[in-house]
Amino acid sequence: MKKNRIPMRLKSYAPALTGLLMLSVVSCSEDGSTGEELSGTEVISATELKFSDETEMISEEVTAIAEEMYAADEISTTSKIDYNSGYLPDCTTVTIELTETTKEVTLDFGEGCEMPNGNTLSGIIYLSYALDMEAATNTIELNLENFMFNSVAVEGSASIVRSRSNENGNPQGVANASFSTTWPDATTASYTGTRTREWIEGFGTGFWGDNVFLITGKRTYVSRAGNEFVKEVITPLRRELSCRFIVSGVMEISRLGNTVSLDFGDGSCDAKGVLTYPDGTEEEIFLRRFKN
């Protein structure tokens with residue numbers, strides 16, 4: 001079972017931050033450390049904000065793949081059609097094994113397989129869920145093996161409760177996930193928490209590029225230096241699958257009782273965001289969502 005590739009229709013805009021923001025005055029040390037030595041009143045360094053955003057993206061993309069595979073199976077089963085959104089490229093090997101009660105799906109990205117949004121995946125994603133595709137809810141269990149997201153090694157798992165229709169009449173997935181990431185320089189970070197992803201546009205159209213989601217949730221991020229942050233969505237984040245960036249919505253980032261807010265913008269597909277500090281001042285920033 002292979003998937004046909006759909007031409008990529010993205011803007012790839014991920015300029016790097018050129019300096020450290022006023023969130024925290026830190027610098028990269030010559031010994032290769034992360035440079036994230038925060039005082040009690042500082043929240044998060046600009047450098048770590050970029051790595052945090054990459055970790056968020058990895059978690060979101062991995063769980064999105066699981067929900068996309070499940071949705072394709074659900075539509076094919078309940079509508080009696082051979083549904084394919086084209087989201088998985090043809091370099092993905094899909095293996096399915098049926099038990100009496102479950103479907104076990106293996107997604108093997110080999111040594112490197114480029115997704116439609118430009119990210120390169122390797123290794124394996126394992127999915128498992130109940131055979132009853134007409135149930136109001138189903139739980140998707142997700143596990144990784146030798147998995148790489150671009151140059152970042154990823155370990156972890158997720159349990160996704162998938163609802164065919166929420167109170168708004170839209171498909172929805174609530175994912176409890178825990179992932180750890182290791183960058184090429186051997187620094188590590190981790191992410192644990194719950195996110196709700198409501199599918200508000202594009203469900204069942206047959207083309208992945210028109211899919212739009214609203215994301216809410218609260219999670220804990222432990223940085224490469226071991227600092228712990230709580231990240232909570234205040235205004236739902238809008239994710240358009242044709243764009244690698246969150247295009248709108250507000251997230252708060254807290255540490256030791258201090259909080260900054262990050263506004264992802266007005267709906268434009270770009271890397272820009274606006275940080276609001278505890279004293280009310282604002283600053284435009286550029287987020288890092290990998291450079292491909």
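1. Let's start with the overall make-up: the chain has one helix and 14 strands. Here helices (H or I, at least four residues) and strands (E, at least two) are DSSP runs, numbered from the N terminus. Keep in mind that this is a predicted model, where local features need pLDDT of at least 70 and side-chain atom pairs count only at pLDDT 80 or more, while totals for chains, interfaces and linings use all residues. Residues are numbered from 1 along each chain as its sequence is written, and side-chain values use heavy atoms, with hydrogens and water left out.

2. Of the 292 residues in the chain, 51% are buried; buried means under 20% relative accessible area, exposed over 50%, and partly exposed in between (1.4 Å probe, protein chains only). The chain's accessible surface comes to about 12,700 Å², and carbon and sulfur atoms hold 47% of that.

3. Now look at the inside. The largest nonpolar core has 58 residues, a core being a set of buried Ala, Val, Leu, Ile, Met, Phe, Trp, Tyr and Cys residues joined through side-chain atoms within 4.5 Å. Leu107, Phe109 and Ile125 have the most contacts inside this core. Helix α1 gives the most to the core, with nine residues.

4. Leaving out residues up to four places away in sequence, Phe109 touches Ile65, Leu88, Thr92, Met115, Leu121, Ser122, Gly123, Ile125 and Phe147. A contact means heavy atoms within 4.5 Å. Across the chain, among contacts with a separation of 6 or more, 52% are between residues 24 or more positions apart.

5. For a piece of sheet, go to strands β1 (residues 93–98) and β2 (residues 102–108), which run antiparallel and are joined by six bridges. Two strands pair if DSSP finds at least two bridges between them. β1 and β2 make a hairpin with three residues between them, and Ile96 stands opposite Val105 in β2.

6. Tyr70 and Tyr129 form an edge-to-face pair, 4.9 Å centre to centre with 80 degrees between the planes. Tyr70 lies in helix α1 (residues 46–79) and Tyr129 in strand β4 (residues 120–130), so the pair ties together parts that are 59 residues apart in sequence. Both Tyr70 and Tyr129 are buried. Elsewhere, Tyr87, Phe207 and Trp208 form one aromatic cluster.

7. Some charges sit over rings, judged by NZ of Lys or CZ of Arg being within 6 Å of the ring centre and within 35 degrees of the ring normal. Arg224 lies over the face of Phe51, at 3.8 Å from the ring centre. Lys231 lies over the face of Tyr221, at 5.6 Å from the ring centre.

8. Finally, check a few loops. Most residues other than glycine have a negative phi. Asn150, in the loop between β5 (137–149) and β6 (152–163), has a positive phi of about 55 degrees and is buried at 18% relative accessible area. Ala186, in the loop between β7 (172–182) and β8 (188–201), has a positive phi near 75 degrees but is exposed at 56%. Phe245, in the loop between β10 (228–240) and β11 (246–255), counts as buried because its relative accessibility is 2%.

Conventions: Phe/Tyr/Trp six-rings, centres within 6.5 Å; stacked < 30°, edge-to-face > 60°. Areas by Shrake-Rupley, 256 points an atom, 1.4 Å probe, with all protein chains shown as cover.
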